[in-house]
Amino acid sequence: QVQLVESGGGLVQAGGSLRLSCAASGRTFNINSMGWYRQAPGKQRELVATIATDGSTNYVDFAKGRFTISRDNAKNTVYLQMNSLKPEDTAVYYCNALQRTDWPPVNVPYWGQGTQVTVSS
């Protein structure tokens, strides 16, 4: 089992910045991709960004140029630096980790409890 604990959410004015952190603990071997998702009230959970073990990243369009995902493999921690925040970025942000199992060879997803980000106009 992998436990994920997010931190860093809060209330910020539009145009401000926040940095989210997510620390993985437990049986953290074979964690491949880690990432951030978000869910706004009344909407489905959506991808924000992912980062692989080798540091390669993937961003959805709304995150490009404003958000930066990074990872410290030694600490099993992933970060999301969010700049130029907008009211529409208001959501609960969830950390995700994919762990590769030996057999069957599949990626098992783990989720954190979420951290609230509120951007005021």
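Author: A strand here is a DSSP run of E with at least two residues, numbered from the N terminus, and two strands pair if DSSP finds at least two bridges between them. The model is a predicted one, in which local features need pLDDT of at least 70 and side-chain atom pairs count only at pLDDT 80 or more, while totals for chains, interfaces and linings use all residues. Residues are numbered from 1 along each chain as its sequence is written, and side-chain values use heavy atoms, with hydrogens and water left out.

With these terms, S1 and strand S3 (residues 18-26) pair in the antiparallel sense over 6 bridges, and Gln 3 has Ser 25 in S3 as its bridge partner. Strands of a sheet pair through backbone hydrogen bonds, either parallel or antiparallel. The two strands belong to an open sheet of 4 strands, in the order S1-S3-S8-S7, with antiparallel pairing. At its edges lie strand S1 (2-7) and strand S7 (67-72), each of which pairs on one side only. On average, neighbouring strands of this sheet are turned by 15° against each other, direction ignored (the axes are lines fitted to C-alpha atoms, and angles between N-to-C directions run from 0 to 180 degrees).

The link of Cys 22 and Cys 95 is left-handed, with -80° about the S-S bond. Both Cys 22 and Cys 95 are buried, a word that stands for under 20% relative accessible area, with exposed meaning over 50% and partly exposed in between (1.4 Å probe, protein chains only).

A further contact concerns Arg 19, which lies over the face of Tyr 79 at 4.1 Å from the ring centre. A charge sits over a ring if NZ of Lys or CZ of Arg is within 6 Å of the ring centre and within 35 degrees of the ring normal. Elsewhere, Arg 45 lies over the face of Tyr 94, at 3.7 Å from the ring centre.

Technical notes. A disulfide is a pair of cysteine sulfur atoms within 2.5 Å.
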